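Please read it alongside the coordinates.

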Amino acid sequence: MAGVAKYFEGHVYNKFNEQIDFNNPKYKGKIIGLYFSAYWCSPCCGFTPTLTDFYKTYGKEKNFEVIFLSSDHDEQSFDDYYKKMPWLKYDYKERKKKERLAKKFKVTGIPALVLVDGDSGDVICSDAIDQIHDEDREGRYFPWKKDK
């Protein structure tokens, strides 16, 4: 198991609830956005439509995929919020692993969007929300490799 796959151990699903295999060649070279968010969080709900627009506009062109990692208090809230998202999700039942991932990627608040290299699993950008929201809305400099 290489790259970003090592963080999730098979607990990532698409909109059809099919398990994702990041070792599949279609994920080679992808930039993976780890989106830490929750339905109860007003700033999260405010940013999700912006990220959705960015993803729909530039996802294919920029070889960009997003995984939603929820901080919701219950699975029903998670499911309701995820219905508004066009990308992948991390299994809600993996709460302890999600918390370990938040610590690993130094997420101290939500919303947070961390970009990682799908092939290596290395962090590319730890503040992608600022980039998408304020600094580079058109993604001209995506994936904002300033953390290296």
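1. A residue is called buried here when its relative accessible area is under 20%. The model under discussion is predicted. By that criterion, S77, F78, Y81 and Y82 are buried in helix α3, which spans residues 75-82. Because these residues cover an arc of only 125 degrees around the axis, they lie on the same side of α3.

2. Which elements cover the buried residues of α3? The cover includes β1 (12-13), β2, α2, β3 and β4 (88-90).

3. The start of α3 shows a contact between side chain and backbone: a side-chain oxygen of D74 comes to within 3.2 Å of the backbone nitrogen of Q76.

4. Strand β2 comprises residues 31-37, and seven of its seven residues are buried. The burial concerns both faces of the strand: I31, G33, Y35 and S37 are buried on one side, and I32, L34 and F36 on the other.

5. In what sense does β2 pair with β3, and in what sense with β5? With β3 (residues 64-70), the pairing is parallel and runs over seven bridges; within it, Y35 has F68 as its bridge partner. With β5 (residues 112-117), the pairing is antiparallel and runs over six bridges; here D117 of β5 stands opposite I31.

Conventions
Residues numbered from 1 in each chain as written. Predicted model: local features only at pLDDT ≥ 70, side-chain atom pairs only at ≥ 80, totals over all residues. Heavy atoms only, no water. Buried < 20%, exposed > 50% of the residue type's maximum accessible area, 1.4 Å probe, protein only. Helix = DSSP H or I, 4+ residues; strand = E, 2+ residues; numbered from the N terminus. Pairing = 2+ DSSP bridges. Arc of directions from axis to C-beta. Contact = heavy atoms within 4.5 Å. Polar contact = N/O pair within 3.5 Å; in protein donor to acceptor, adjacent residues only side chain to side chain.
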